[in-house]
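Thank you for making time for this.

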Amino acid sequence: MLNKKVLIPLALVTTAIFAIGYGITTKYEPLMNVFNSTFLESTETDFPPPPPIKDMSSMFNERGFFSSNGFTADESEIINDFNGNLMYEIPLYNYKLAGEMQYDVKLVYNSSVGHQVNMGNKDTWITDKPRTCNFNSPEWILSLNGIAVQVFNFEPNFFSNATTSTPYTIKDYNLNLLIPGYHFDNPIKIIGGTERDRINILAGDGSVISLVNKSWQTSDNDSLRYKGTYHSEGKESHYKAIVSFFPGQDQIPADYRNRKVELI
């Protein structure tokens, strides 16, 4: 029979050992886990574990765009109360840059974009007075920061030729609709007198930004008529452009030189 003087201290020592062991296991990793991690680190270079599989389905929305703040599915629809023109904008992408600069890409539908039809051909335009007609038609426009960079109008022909029969008629497949400010950017004529050069740029909403040369004076030579500082004359429009000639064109008349337009 065990002596109480021996049994009581033995029970206290045993309880203390279990208490210390429980505290260690709750605060520190078990020895087996430490052993396993050390073993894996020693063999990592020879047999690296496969990378974890990432679920990427949540990164895209139902339209296939990134589900981030740079993309939005909020379309806007505007109907003009005066003429019933429909404007429909689909935001595609926007990205903030330094300061107040940003990329803002939209897909815009305009049901009444201004077009021009040029009657005749290159021979009749040389010998006769050019004949042009205005025509409104719907267009889809890809807009970058308010400027049209792509229109879903891939018309390759400049002239719309009438049939040779009398009376002269234009059939639907002979009608070539060109967009001023996109397919061509000026009146396509030699200007003279006190008339100032103008450059048209198609805006992202289908309207036309008309820029006029403000730096040319009537006393300047004709080469300065087609370059310099151009300003927009539109209401509440503050666009300005710096127009210059490409180098190596000194022997070419100013009317036919290639130019660079920097819109600011």
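Let me begin with accessibility: buried means under 20% relative accessible area, exposed means over 50%, and partly exposed is in between, with a 1.4 Å probe and protein chains only. This is a predicted model, in which local features need pLDDT of at least 70 and side-chain atom pairs count only at pLDDT 80 or more, while totals for chains, interfaces and linings use all residues. Residues are numbered from 1 along each chain as its sequence is written, and side-chain values use heavy atoms, with hydrogens and water left out.

Confidence comes next, where pLDDT is the predictor's confidence in each residue, from 0 to 100. The chain has an average pLDDT of 77, and 69% of the residues score at least 70. Helices (H or I, at least four residues) and strands (E, at least two) are DSSP runs, numbered from the N terminus. On that basis, confidence in the chain is lowest in helix α2, residues 31-42, with a mean of 49, and highest in strand β5, residues 147-151, at 95. Over residues 68-73 the pLDDT is below 50, although this stretch has 11 contacts in the model beyond near neighbours in sequence, a contact being heavy atoms within 4.5 Å. Where pLDDT is low, the predicted coordinates should not be read in detail.

Now to the strands, which count as paired if DSSP finds at least two bridges between them. An open sheet of five strands runs in the order β7-β8-β9-β10-β11, with antiparallel pairing. Its edge strands, each pairing on one side only, are β7 (198-202) and β11 (259-263). Within this sheet, β8 (residues 208-213) and β9 (residues 228-232) pair in the antiparallel sense over three bridges, and N213 has Y230 in β9 as its bridge partner.

Elsewhere, β4 and β5 pair in the antiparallel sense over four bridges, with L142 opposite Q150 in β5. The hairpin of these two strands has two residues between them, and N145 there takes a positive phi near 50 degrees.

What about the aromatic rings? Rings of Phe, Tyr and Trp (its six-membered ring) pair if their centres lie within 6.5 Å, and planes under 30 degrees apart count as stacked, over 60 as edge-to-face and the rest as tilted. The structure holds four aromatic pairs. In one of them, Y93 and Y95 have ring centres 6.4 Å apart and planes at 5 degrees, so this pair is stacked. Y93 is partly exposed at 31% relative accessibility, and Y95 is partly exposed at 43%. The rings of Y109 and W140 have centres 5.1 Å apart and planes at 50 degrees, so that pair is tilted. Because Y109 lies in strand β3 and W140 in strand β4 (residues 131-144), the pair ties together parts that are 31 residues apart in sequence. Y109 is buried, at 19% relative accessible area, whereas W140 counts as partly exposed at 34%. Ring pairs also link F158, F159 and F184 into a cluster.

Finally, which residues does Q116 touch? Q116 lies in strand β3, residues 102-119, and is buried, with a relative accessible area of 15%. Leaving aside residues up to four places away in sequence, Q116 touches T132, C133, N176, L177, L178, P180 and F184.
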